[in-house]
Amino acid sequence: MTSNNNILEITHLEKNYQDTKDEIKAIDDFSFKVEKGKFISIVGPSGCGKSTLLSILAKLEDKSSGEITFNKDNIILGYMLQKDSLFPWLTILDNCLLGLEIKGIKTEDNISYVNHLLDSYGLTEFKDKYPSSLSGGMRQRVALIRTLAIHPDILLLDEPFSALDAMTRVALADDLYKMIKKEGKTVLMVTHDIAEAVSLSDIVIVLTKRPAKIKTIYEIEFEDRKTPFENRSKKEFNIYYEKIWRDLDVHI
């Protein structure tokens, strides 16, 4: 990675929690540079600290030590959680505009951009309806549009498909990938799904069990990269999948 294209640099990041008896280390000496425009997935054993890392980047939690450097002034982060968190009393359009209202940037251009996104991803006819009328996959598309509406420099995605059934997950992964690539966004995604990580990502970071350290970093290279769904049928997919599975050392 060339340093002049790194939008984020994380150096020796550590996170400790204090319980009633001891100090518990959640993240230990995490260092990584995020290149602009890359899709990066973070996988690791359950409870290892993957989501904690995103929370620290989003300033929802404090780090214990280390440095986090965003190489852009006034960086904008978009944080998308497992649940869509749509407000049931707001229309789909109003839900999409909520971030713009909170930030005080609900301009005509930004409203037009949201309408463009709704149209591009087949949601225009639902913009005056309420979340209860949408399927789970459609609700997540709305949540992504709401996140993109604020023009984030980096998208932080915390298991964005985990609440969906298997078929909807794969379809939504394709939609999300197309949307993000079209908009030229940088992505850090936490997931427990190896197939999801390999099919979507440019880079997969494998973490150890808690305290989370970087165990392996894979640069995912397909001879002919396609959509995430199509990538799953490629020979490289199975090779990366098996390597990451062994790294995770999952015991059933």
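Is Arg 169 buried or exposed? Arg 169 is buried, because its relative accessible area is 12%, and buried here means under 20%, while exposed means over 50% and partly exposed lies in between, with a 1.4 Å probe and protein chains only. The structure is a predicted model, in which local features need pLDDT of at least 70 and side-chain atom pairs count only at pLDDT 80 or more, while totals for chains, interfaces and linings use all residues. Residues are numbered from 1 along each chain as its sequence is written, and side-chain values use heavy atoms, with hydrogens and water left out.

Arg 169 has its place in helix H5, where helices (H or I, at least four residues) and strands (E, at least two) are DSSP runs numbered from the N terminus. Not counting residues up to four places away in sequence, Arg 169 touches Phe 161, Ser 162, Leu 164, His 192, Asp 193 and Glu 196, and contact means heavy atoms within 4.5 Å.

In soluble globular proteins, nonpolar side chains tend to be buried together. A nonpolar core is a set of buried Ala, Val, Leu, Ile, Met, Phe, Trp, Tyr and Cys residues joined through side-chain atoms within 4.5 Å. The largest such core has 37 residues, and those with the most contacts inside it are Val 114, Leu 118, Ile 145, Leu 157 and Phe 161. The elements that give two or more residues to this core are helices H2 (92–103), H3 (108–120), H4 (136–148) and H5 (166–183), together with strands E6 (154–158) and E7 (186–190). Leaving aside neighbours within four places in sequence, Leu 118 is in contact with Ile 92, Leu 93, Cys 96, Leu 123, Thr 124, Lys 127 and Ile 145. A second, separate core of 25 residues includes Leu 13, Leu 53, Leu 54 and Ile 205.

How do two of these helices meet? The axes of H2 and H4 come within 7 Å and cross at roughly 35°, where axes are lines fitted to C-alpha atoms, for helices over the stretch in contact, and angles run from 0 to 180 degrees between N-to-C directions. The contact is made by Ile 92, Asn 95 and Cys 96 of H2 and by Val 142, Ile 145 and Arg 146 of H4. Cys 96 counts as buried, at 0% relative accessibility, and Cys 48 is buried too, with a relative accessible area of 1%. A search of the whole structure finds zero disulfides, a disulfide being a pair of cysteine sulfur atoms within 2.5 Å.

The aromatic rings come next. Rings of Phe, Tyr and Trp (its six-membered ring) pair if their centres lie within 6.5 Å, and planes under 30 degrees apart count as stacked, over 60 as edge-to-face and the rest as tilted. By this rule the count comes to three aromatic pairs. One of them joins Phe 87 and Trp 89, whose ring centres are 4.9 Å apart with planes at 45°, so the pair is tilted. Phe 87 is partly exposed at 32%, whereas Trp 89 is exposed at 59%. The rings of Phe 237 and Tyr 241 are also tilted, because their planes stand at 40°, with centres 6.0 Å apart. Both residues, Phe 237 and Tyr 241, lie in helix H8 (residues 235–248), four residues apart, about one turn of the helix.
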